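Subject: Structure handover

Hello,

My notes come after it.

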Amino acid sequence: MAVCAVVLLLTGQATAEPFGECYANCLLHCAISTSKTSLIGCPLKCLKDCIFSSSSLLDGFGVRHSRVHNICTLQCAYPNCTSMTSMDNPREMEVGSCVNNCGKRCSVKKMVNSSP
């Protein structure tokens with residue numbers, strides 16, 4: 001039984017992929033599979049893919065984010081977080097921190113909007 005748990009952890013199937021890892025992997029795959037003239041779209045594609053991925057739908061407390069929350073996060077993250085990244089240096093930890101801050105802003109906005 002313990003061997004199965006270790007195998008699942010090593011293959012990443014039992015744990016959620018952190019945003020930064022998702023983003024860096026996505027940029028790499030995008031760079032490999034995209035023509036040089038289309039590379040400018042990779043940061044947006046990867047932000048979207050990683051924000052909406054199943055592993056990013058849970059917050060730190062295991063609460064599932066709504067699609068509206070993820071759209072809000074993407075709308076904040078695209079102008080604020082992609083400017084710090086490049087194909088040569090994805091700065092995935094900084095982008096991840098920026099995206100998390102956007103998610104927090106969207107959570108606060110939701111709480112303010114739902115107040116009576």
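This is a predicted model: local features need pLDDT of at least 70, side-chain atom pairs count only at pLDDT 80 or more; totals for chains, interfaces and linings use all residues.

Residues are numbered from 1 along each chain as its sequence is written, and side-chain values use heavy atoms, with hydrogens and water left out.

The chain

The protein chain has 5 helices and 0 strands, in the order α-α-α-α-α along the sequence. Helices (H or I, at least four residues) and strands (E, at least two) are DSSP runs, numbered from the N terminus. The chain has 116 residues, and 31% of them count as buried; buried means under 20% relative accessible area, exposed over 50%, and partly exposed in between (1.4 Å probe, protein chains only). Its accessible surface is about 7,800 Å², with 62% belonging to carbon and sulfur atoms (Shrake-Rupley method, 1.4 Å probe; for residues, only the protein chains shown count as cover). Of the contacts (heavy atoms within 4.5 Å) between residues at least 6 apart in sequence, 52% join residues at least 24 apart.

Salt bridges

A salt bridge here is a side-chain nitrogen of Lys or Arg within 4 Å of a carboxyl oxygen of Asp or Glu. The whole structure holds 3 of them.

- Asp49 and Lys45 pair at 2.4 Å, N to O. They lie 4 residues apart in helix α3 (residues 42-51), so about one helical turn separates them.
- Asp49 also pairs with Lys48, with the closest N and O atoms 3.0 Å apart.
- Arg91 pairs with Glu94, where the closest N and O atoms are 3.8 Å apart. Shared partners join Lys45, Lys48 and Asp49 into one network.

As for accessibility, Asp49 is partly exposed at 27%, as are Lys45 at 39% and Lys48 at 41%. Arg91, at 33%, is partly exposed, and so is Glu94, at 36%.

Thr85

Thr85 sits in the loop between α4 (67-81) and α5 (92-114). Its relative accessibility is 13%, so Thr85 counts as buried. Which residues does Thr85 touch, not counting those up to four places away in sequence? They are Tyr23, Leu27, Pro43, Pro90, Arg91 and Val95. The side chain of Thr85 also reaches the backbone oxygen of Pro90 at 2.6 Å.

Regards

Definitions and conventions: A polar contact is a pair of N or O atoms within 3.5 Å; within protein, one must be able to donate a hydrogen and the other to accept it, and residues adjacent in sequence count only if both atoms are side-chain atoms.
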